Structures are given as structure tokens and as C-alpha cells.
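Keep the sequence at hand as you read.

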Amino acid sequence: MARVAGVSTATVVRVLNGGATVSPDRTERVLRAVQELDYVSNGVAASLSRGRTQLLGLLVSDIANPFTGQVARGLEDEAVRHGYQVLISSSDFDPDREAQILESFARRTVDAAALLSTSEAAQGVHRLLRNEIPTVLIDRRPPDLPSVPLVRTDSLSAAREAVRHLIDLGHTDLGMIAGPSGMATASQRLAGFRAACADAGLHVRPECVREGFLGVDGGHRAMLEVLDLPVRPTAVFSFNNVLAIGALGALRERGVRLPGELSLITFDDTDLFPFVDPPLTAIAQPAYEIGAAAGRILFEELAGASHPAAGRDVVLPTELRIRNSCAAPAGVS
């Protein structure tokens, strides 16, 4: 471009960066060359020259989960407001892949990172922190990362409220499709389920709690196990929306009617659930707001906030959306 414009490379750089004053004649020649060559500047190189990539990293376990998509939208909208873009990387529940993603983030491919993951990969997070890359956790915090800011909802209290709704309908024999025991949110939601039952003086049969499941296939398999019990519970609480979708498939396969033969309630509402038959009762998390709040924390850190985010715990409210998948058990009016 410098050759076409008949100026030095330094002059081209000054014109394109809008920095030091360049004479009108030379400026016009550079701009004419830009048009003639259909030139697009190398944004990555320009960003690196300023010590910034203008990218936020978002690590997720399952990009197909609707909750994840809404979190990503919230984070991305906040990023765009600051002239940034979001690089989304999904581990697909693979710890080795997650470690590789965190290592890539730590090599400063991003300026800051938000982590929404099922893994307890604290080693990778510590590498981010050692490299002074602002980091925020979403939804869950591994036990050995107390200083990293977290944006979440109160999983235990929300689960407790949802299960209390089933108990108020008259259910006394309840089951749960739970996630892996090592996942913080899975443990909290199971604790909320047990707390609601204990509050009501109800005994939870061990075989009615199917623990360690993830994904649509996991929800399908877990619900089949519940349906195969000699005495099945009258109501089931699902750990998340993806498990619930699999559970709905199993119920349809077996011809089990909701809510006549079984009531079902789940964590994580989606745009789909009001339109299934029957519409599914669900706990709604403000996923978009969670992503936006995570972005605000990261940009405060990037701007050198005078009040560090270390250890901050941002808890956003949930909403129980009652629909037609739950009713009193047979024989209870």
C-alpha cells in the first residue's frame, strides 16, 4: 500500500490509526490507495500492537444447552458495548479438551475469560490468574477458587421452592434426576430437593434419586430407570432442562401421561417448555442477565477498577413458572 500511495509505511500507519498529523495531500493518497486495493486492516495485529486482543473468552461445557446460549448472548451484548467480541469454546464435558481451552486462554488469545463449565479444573483457572487475565465464574465455583468472582443463582433455594410446590399439591413420594455429584450446582439442587422433603417430614427412597446424569440421553436413561421401579414416585424433579427433554422422550415412549400418571418439574426454563404438551413447569434463571453481569465484572477488571472483583458473589433471582405438567397425584383432591 505504501508503494501505491507513494509514501512511507510509517505514514500509512499514521493515517490508518488516526494518530499523528499527516498532510492533506499524503492523507488523500493513502485513502485513495485503500480504496484502490480494497484494503482491510489486520485487526488482530493492530490489537496485539496495543497489548489487547479485543476478545473475551467464554468456556462452556455444552454449547447446545439453551441456558448456555442465553448466557453467551448476555456476555456478547456487553462485549459489543465495549468494542469487544466473544470467542466461545465448548469442552463437550471433556476435561482434557477443557484444559486445552484454558491453556489457550492463558496464552493471551483473550483479554479476559468467563467460565461456565461442569469441570473442577482449578489448575487451568490458576494459570489464567497467574497470567493476570481477569476471570469470572458463571453458575458454579470449584471449592479451591474462593477469590474468583462468581455470578449465579441460588440453586438450593430455588430447588427447594420447586419441590415444595410438588409437596403442596399432595405428593409424598418424590424422585429426582440429578447431575454428577462432583458438580456444585448438581449437589446444591439435590440438597434443595432433600431439604424440601425433610421440611415436610417425607422419606426419600434412595432408588428414586438417579444421580450422575447429563445430556438428553442421560435424562432419557434416568427416566426409564425411574419408570422401571417396582413402585415409581408420583412426581420427579429434573436437575436441568436438557435432562428434562430426555425424560419427556422416555415418558412418551412408555405412554406415561403428564400430569395424570406422573408430575414433572425441572430447573432451567426454555422458550420451548410453554409449547410442549403439557407445558412444563420450570425454574427460570435470568441467563441473559447472568452473562451480562459477568461481562460487566470483566470490563471493570480490564479498566483497573478501584474496587477489585475478587471473591465477589453475585446472586440473581429465579422464578418458578407453574404450568400444566404438575397436578395432585391420583386419589388426592
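How many residues has H11, and how far does H11 reach from its first C-alpha to its last? Helix H11 has 14 residues and reaches 20 Å, close to the 20 Å expected at 1.5 Å a residue. That expected span is 1.5 Å times one less than the number of residues. Helices (H or I, at least four residues) and strands (E, at least two) are DSSP runs, numbered from the N terminus. The model is predicted: local features need pLDDT of at least 70, side-chain atom pairs count only at pLDDT 80 or more, and totals for chains, interfaces and linings use all residues. Residues are numbered from 1 along each chain as its sequence is written, and side-chain values use heavy atoms, with hydrogens and water left out.

Look at the start of H11. A side-chain oxygen of Asn 240 comes to within 3.3 Å of the backbone nitrogen of Val 242. After H11 comes Gly 255, with a positive phi near 70°.

Now the packing. Buried residues of H11 include Leu 243, Ala 247, Leu 248 and Leu 251. Buried means under 20% relative accessible area, exposed over 50%, partly exposed in between (1.4 Å probe, protein chains only). The buried residues of H11 pack against helix H5 (66-81), E6, H10, E8 and E9.

A nonpolar core is a set of buried Ala, Val, Leu, Ile, Met, Phe, Trp, Tyr and Cys residues joined through side-chain atoms within 4.5 Å. This one has 48 residues; Leu 251 and Leu 264 are among those with the most contacts inside it. Beyond its neighbours within four places in sequence, Leu 264 is in contact (heavy atoms within 4.5 Å) with residues including Met 223, Leu 248, Leu 251 and Leu 258. A second, separate core of 25 residues includes Ala 114, Leu 116, Ala 287 and Ala 293.

Next, the loops. Pro 259 lies between H11 and E9, and the peptide bond from Leu 258 to Pro 259 is cis, with omega near -5°. Pro 278 sits in the loop between E9 and E10. The bond from Asp 277 to Pro 278 is cis too, with omega near 0°.

Two non-glycine residues have positive phi: Phe 93, near 65°, and Glu 132, about 55°. Phe 93 is in the loop between strand E2 (85-90) and helix H6 (95-109). Glu 132 is in the loop between helix H7 (122-130) and strand E4 (135-138). Phe 93 counts as partly exposed because its relative accessibility is 34%. Glu 132 is exposed, at 67%.

Note on methods: Polar contact = N/O pair within 3.5 Å; in protein donor to acceptor, adjacent residues only side chain to side chain.
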